[in-house]
Amino acid sequence: MEQPAGLGYSTPHTTALSNGLPLSLLPVPDSPVACLQFWCSAGSAVEQAQEHGMAHFLEHMVFKGNEKLPAGAFDWQVEASGGISNAATGFDDVHYHVLMPKEALPLACELLPRLVLQPEIRAEDFVLERQVVLEELAQSEDQPEEQAFQQLLALACGEHAYGRPILGVREQLLQQTPQQMLAFQQRHYRAQTCAVSLSGGFDLGHVQQLLEASPFAELPGTTGIDPQQPGLKVQPGVHALELPRLESARLLMLWSAPPAKEMLALSGTDLLTTVLAEGRSSRLVRCLREEKQVVESIDMDVHALEQGSLVILEAICPSDRLGEVHQNVCAILRQLQQQVPSATELKRAKRLLDHGHRFAMEGIGSLAQHLGQATLMKRLEPLEEPLSRWHQWQAEDLQQLSRDLDPDLACTLLVRPK
Amino acid sequence: MAARLVLPLGSAADPPGQAGLHQLLAGSLTRGCGSHDARSFAEWIENQGASLRCEAGDDHLQIMLKGVGSDRHVLLPQLLEMVEQPAASDDQIELERDLNLQTLQRLEEDPFSRAQDRLRQLMFGDGPYGHDPLGTTASLQRLSSQDIVNERPRLANRQAFLVVSAAHDQALADGLEQRLQRFAHDSVKAPQPLAQGDCGWSADPLDTEQTVLMLGFRSLPVQHADALGLRLLQVHLGLGMSCRLFLRLREELGLVYDVGAELAMRRFDSPFIWHLSTSADQASSALEALLDEWQRLLDEPLATSQLELAKAKLRGQEAMGRQTGAQRAERQAFCQAYGLPSDFHAQAMKQLDSISAMQLQQVAHRWLQQPCLSGSGPAASLHRVEQRWQQRLSRCLSPAGH
């Protein structure tokens, strides 16, 4: 097995605050910036029946502040120090980040926990910010491609949380109350279901002291164990959809893949999708875009998720070629089961993934993101480990995984302009 | 390792009726060079695990390459070969053209992209900067592979330069330098943009929930002495969650989710664009609020706290923009492409201290007098927007205004 070169970083330092909140810290001595991130497993997947959209709505409301940190004060202080901040909500988690010039990191360590852990959820703010969330929803619904993807997830995942839009649905958002949101926050923002990560230019000992003295250390422990979420079962089938304002047709196919914790198996899926659809030498791109010239683009992405990952293929093509594209994609996927990747294909895929990971880990924000998510999910490992996993795969070992990408196992959506 | 090869062949130099020529030329560079045909070239690049992009912006054509540092001895010479010996065949150029046509068609799905295209047209008409570098459907259909082949000799351009962010290797640098010195073609200067037309409004009726509004100003050349001041105004208005447009339109009025202001620096009149999207029935209120902010910039100097905030954000951007090799290469390429000193960014940070709120108000007066507005959304909403726009504009531009 080829041994990949290291990434040039020290091993992340892992520890926990006195309340059990896990920390991962990676000093990068020559970096002029530092990134502090707070992660919590309160993504949309933990929402209960009347809470759809609440994880994301709460993320918005957090920025409305509290008695000690009024609305806008956080943004003003961070940005007046030359920093930037933002947040994002996914199916499995929500995270908040601050990227600062390294000199301003103590301020970030003070402000971020004060903002994130003590939202006040005032009624008037709640009503105003709900309007903003509804605008975000409307903006998303005005993109036909977004509508198509949402429909694909709903068809494939059915009643599972991954089938629901993270932004929620208008009717439910209008029914929700500040009290419900506070209850949601207090249920999920707990030391054992959260994590903090930090990367960039900082002194390890000093930062640990800052964090221990911050409100992060006051985050209460868990009240109990959340009920186990059901595993994802993708519902195979072929569906059609017509959308107004769509200019090009889309072929969307979705398969289930191993859950994020099964990292070795998932790394094999990474390799297969790279062989199939990354670059002009990949099987699907070469056949459909370069030779038959029937698609504008075709790609496959692996979305690593806790209750079952998703592999999603998207091909964009003229409407009158959609059937032909579908047939060809199915044929190439079936052929993959018979014809495992050649040595050249596998080597290329390994290099593309290896180098992509190296580029991604160059940014301080990306490093903190990688550390934060891995720490939250309790699977932090050396940063080089993904490289080792990709490099250990042999072509014949990928054969079983290639059967998981059989077209008959996919939820397929053929989308045409209306 | 990150590298950029920059050529003075942007889409501003697309000849009349051939919009999209330089983007097509850029795309064709990835489809073969030297002894490599399209397929073997793609295999070669991908086997290195490298990523390669070729794009025409308004002012320049750039080839951007990323790979691991140990591969630089093979990747960088190949980068030069792409412009020394471009070899895309006719059918490969036609494929690239068809892909660009399909992309143009798909972009019509996006209300933001549509509004931006129409705003470009309002500000710059059919001349330079007036079209997406991809071109238009009509102009692309007219382009032939021969048009691209005819352009190829211009690639080995005397003004071409290469920026590399990687461990230094003198022998490699010398070899690349010698090859660049053999580039002998003198490019014709890109023409200046046409004068702005009278009509400052464009409506694009769409069956959507939201209306997208874009307010645009033709502003200054990148080298102008007011450029730093205008950049500060852009940061004040549109950068981050403490910016003026975000605070007013989103936090105070709850009218928008997405709002911002972008200043894309160009050799000539840089477009300064303020943008938002809002529910169709709120569009005229959102326009009113946007125009209030425009008027405020003209009428009032920034408060000291706002000025200091804008300066701090710009200093922060300076630190953020130096994180990765690709970012550092991009910044250096920007300076060199526009004839700015290599310490341009450091100098700008020093100049920041001396800029006053009064000076910024004067900058606003010099460059933000003649706005254009483009809207994409439901017809009834656009009709109300147009009425409000006409009322406000007649008030603002009358002799008794502000």
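Student: Helix α9 (residues 263-277) of chain A and helix α10 (residues 283-291) of chain A pack against one another at what angle, and how far apart are their axes?

Tutor: In this predicted model, the angle between α9(A) and α10(A) is about 25°, and their axes lie 3 Å apart.

Student: Why are α9(A) and α10(A) called roughly parallel to each other?

Tutor: Angles under 35 degrees count as roughly parallel, and the angle here is about 25°, so α9(A) and α10(A) are described as roughly parallel to each other.

Student: What makes the contact between α9(A) and α10(A), residue by residue?

Tutor: On the side of α9(A) we find V275(A), L276(A) and A277(A), and these meet R283(A), L284(A) and V285(A) of α10(A). Sorted by class, the contact of α9(A) with α10(A) has five nonpolar residues, no polar residues and one charged residue.

Student: How do you know what radius of gyration a compact globule with 418 residues would have, and what does chain A have?

Tutor: The globule rule is 2.2 Å times the number of residues to the power 0.38, and for 418 residues a compact globule would come out near 22 Å; chain A has 23 Å, which agrees. The C-alpha trace of chain A spans about 60 × 50 × 40 Å along its principal axes, and the chain has 15 helices and eleven strands.

Student: Which domains does the assignment give for chain A, and how many residues of domain 1 of chain A are in contact with domain 2 of chain A?

Tutor: The assignment gives domain 1 (13-218) and domain 2 (237-417) of chain A, whose C-alpha centres lie 29 Å apart. Counting pairs whose C-beta atoms lie within 7 Å, 32 residues of domain 1 of chain A are in contact with 25 residues of domain 2 of chain A. On the side of domain 1 of chain A that touches domain 2 of chain A, the largest share comes from α5(A), with seven residues. That side has 18 nonpolar, twelve polar and two charged residues.

Student: Into which domains is chain B divided?

Tutor: Chain B is divided into domain 1 (2-181) and domain 2 (201-397), and 29 Å separate the centres of these two domains of chain B, taken over C-alpha atoms. Their contact takes 23 residues from domain 1 of chain B and 26 residues from domain 2 of chain B. On the side of domain 1 of chain B that touches domain 2 of chain B, α5(B) gives the most, with ten residues.

Student: How many residues does the contact take from chain B and from chain A?

Tutor: The contact takes 48 residues from chain B and 47 residues from chain A. The side of chain B that touches chain A has 13 nonpolar, 19 polar and 16 charged residues.

Student: What values does the predictor give the complex, and what is the mean pLDDT of chain B?

Tutor: The predictor gives the complex an ipTM of 0.94 and a pTM of 0.95. For chain B the mean pLDDT is 95, and 98% of its residues reach 70 or more.

Methods. Residues numbered from 1 in each chain as written. Chains lettered and ligands numbered in written order. Predicted model: local features only at pLDDT ≥ 70, side-chain atom pairs only at ≥ 80, totals over all residues. Contact = placed C-beta atoms within 7 Å. Nonpolar A, V, L, I, M, F, W, Y, C, P; charged D, E, K, R; others polar. Domains from an automatic or database assignment. Helix = DSSP H or I, 4+ residues; strand = E, 2+ residues; numbered from the N terminus. pLDDT = per-residue confidence, 0-100. Axes fitted to C-alpha atoms, helices over the stretch in contact; angles between N-to-C directions. Parallel < 35°, antiparallel > 145°, perpendicular 65-115°, else oblique.
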